[in-house]
Amino acid sequence: MISLQTILSEASFETIFVQVVIKMKTEANFTEIYNQIRGIKDVVVVKVIDTDQLDAASNDNYKYTLLEIKYISEGTPMDTIKRIKSEALKIPGLVQFYVRTKTLKKIRNY
């Protein structure tokens, strides 16, 4: 029989960093959208970054925001962020979730 310690030591978890640009309806509660993204499975940290470029791209209907997200990946980082994206797009008021794939970076391996 396999011991619990063996199972836990064989499991591989990676912490991944990525930047994401989101597009939200201006009438939406932005803080609520950020909090709901934080509540998605495997998401560890969501940091909101203010940028002049995205503020300039925003208009009366939509607001753009840059997020720095840290998440735990049990499989491949791309599969995990695709699942996170699909869950995020279910959030009311969130219109787009653009992953900057070039910013994907492994931070830590457990």
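User: What does buried mean here, and what share of the 110 residues in the protein chain do buried residues make up?

Analyst: Buried means under 20% relative accessible area, exposed means over 50%, and partly exposed lies in between, with a 1.4 Å probe and protein chains only. This is a predicted model, in which local features need pLDDT of at least 70 and side-chain atom pairs count only at pLDDT 80 or more, while totals for chains, interfaces and linings use all residues. Residues are numbered from 1 along each chain as its sequence is written, and side-chain values use heavy atoms, with hydrogens and water left out. For the 110 residues of the protein chain, the buried share is 34%.

User: Which pattern does the protein chain follow when read along the sequence?

Analyst: Helices (H or I, at least four residues) and strands (E, at least two) are DSSP runs, numbered from the N terminus. The protein chain has 4 helices and 4 strands. Read along the sequence, they follow the pattern α-β-α-β-α-β-α-β.

User: Which residues does L94 touch, not counting residues up to four places away in sequence?

Analyst: Contact means heavy atoms within 4.5 Å. L94 is one of the core residues that touch the most other members. Not counting residues up to four places away in sequence, L94 touches I22, K23, M24, I33, A88 and L89.

User: Is K47 buried or partly exposed?

Analyst: K47 has its place in strand 2, and, leaving aside neighbours within four places in sequence, K47 is in contact with L66, L67 and E68. K47 and E68 are 21 residues apart in sequence and 5.1 Å apart in space, C-alpha to C-alpha. Because its relative accessibility is 48%, K47 counts as partly exposed.

User: How far from the centre of the ring of Y62 is the charged end of K23?

Analyst: A charge sits over a ring if NZ of Lys or CZ of Arg is within 6 Å of the ring centre and within 35 degrees of the ring normal. The charged end of K105 sits over the ring of F17, 5.4 Å from its centre. The charged end of K23 sits over the ring of Y62, and its distance from the centre is 4.2 Å.

Methods
A nonpolar core is a set of buried Ala, Val, Leu, Ile, Met, Phe, Trp, Tyr and Cys residues joined through side-chain atoms within 4.5 Å.
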